[in-house]
Amino acid sequence: FPSHDNALVTKEWPPQVYGGAGAHVVQLSQALRNQLNIEVDVHCFGGPRSDAFGYSTPAGFENSNAALQALATDLAIADKLSGVDVIHSHTWYANFAGFTAHLLHGIPHVVSAHSLEPLRPWKAEQLGGGYQISSWAERSAYEAADAIIAVSDGMRADRRCFFSSRGLS
């Protein structure tokens, strides 16, 4: 564990897929495995499962703010990524796992940009003070990423909220 050199890290994995990012990860993993013959392990939230490495919220965080629950889960995931060659994470929920494993183990980290917290102000109400944490975690992951893949032209343009001050486009 892990059993392959490539890791996809995501919050959503069947049967808990509720949005475009989750559908993207499912389709990406299938394409990598079936069309390109690339071995990949999926590390996901939601507890143990047979088709991925599933992680439950660590003990002591079950009643915490949702952002703290995500970061605690990310730390558990990051700890298990020491043997992979590349980490590819999706959404702020999982980006912190990739960022942390990148720092801890020196593994290249690729981020897929699906949406950005600074452009989703309604999340402040959903996450309470956790919105500041999710925004910080996402910004940290993007700024340290070895590569960023935008899932659309709109996402490519939206990266400005992280990189415009550094002159990147």
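## Strand pairing and the sheet

Two strands are taken to pair if DSSP finds at least two bridges between them. In this predicted model, β2 and β3 pair in the parallel sense over 3 bridges, and cysteine 44 stands opposite glycine 54 in β3.

These strands belong to an open sheet of 6 strands with parallel pairing, in the order β3-β2-β1-β4-β5-β6. The edges are formed by β3 (53–55) and β6 (147–150); each has a single partner strand, so one side of each is left without a neighbour in the sheet. From one strand to the next, the twist averages 20°.

## Helices across the sheet

Helix α2 (residues 66–79) lies across β1, β2 and β3, and runs at about 155° to β2. Helix α3 lies across β1, β2, β4 (86–90) and β5 (109–113), running at about 155° to β4.

## Backbone features

A cis peptide bond links proline 14 to proline 15, with omega near 10°. Proline 15 is located in the loop between β1 (6–10) and α1 (20–35).

Asparagine 37, in the loop between α1 and β2 (41–45), has a positive phi near 55° although the residue is not glycine. The relative accessible area of asparagine 37 is 64%, and the residue is therefore exposed, the cut-off being over 50%.

Threonine 91 is likewise a residue other than glycine with a positive phi, here near 70°, and is found in helix α3 (residues 91–105). Threonine 91 counts as buried because its relative accessibility of 15% falls under 20%.

Definitions and conventions. Residues numbered from 1 in each chain as written. Predicted model: local features only at pLDDT ≥ 70, side-chain atom pairs only at ≥ 80, totals over all residues. Heavy atoms only, no water. Helix = DSSP H or I, 4+ residues; strand = E, 2+ residues; numbered from the N terminus. Buried < 20%, exposed > 50% of the residue type's maximum accessible area, 1.4 Å probe, protein only. Axes fitted to C-alpha atoms, helices over the stretch in contact; angles between N-to-C directions. Contact = heavy atoms within 4.5 Å.
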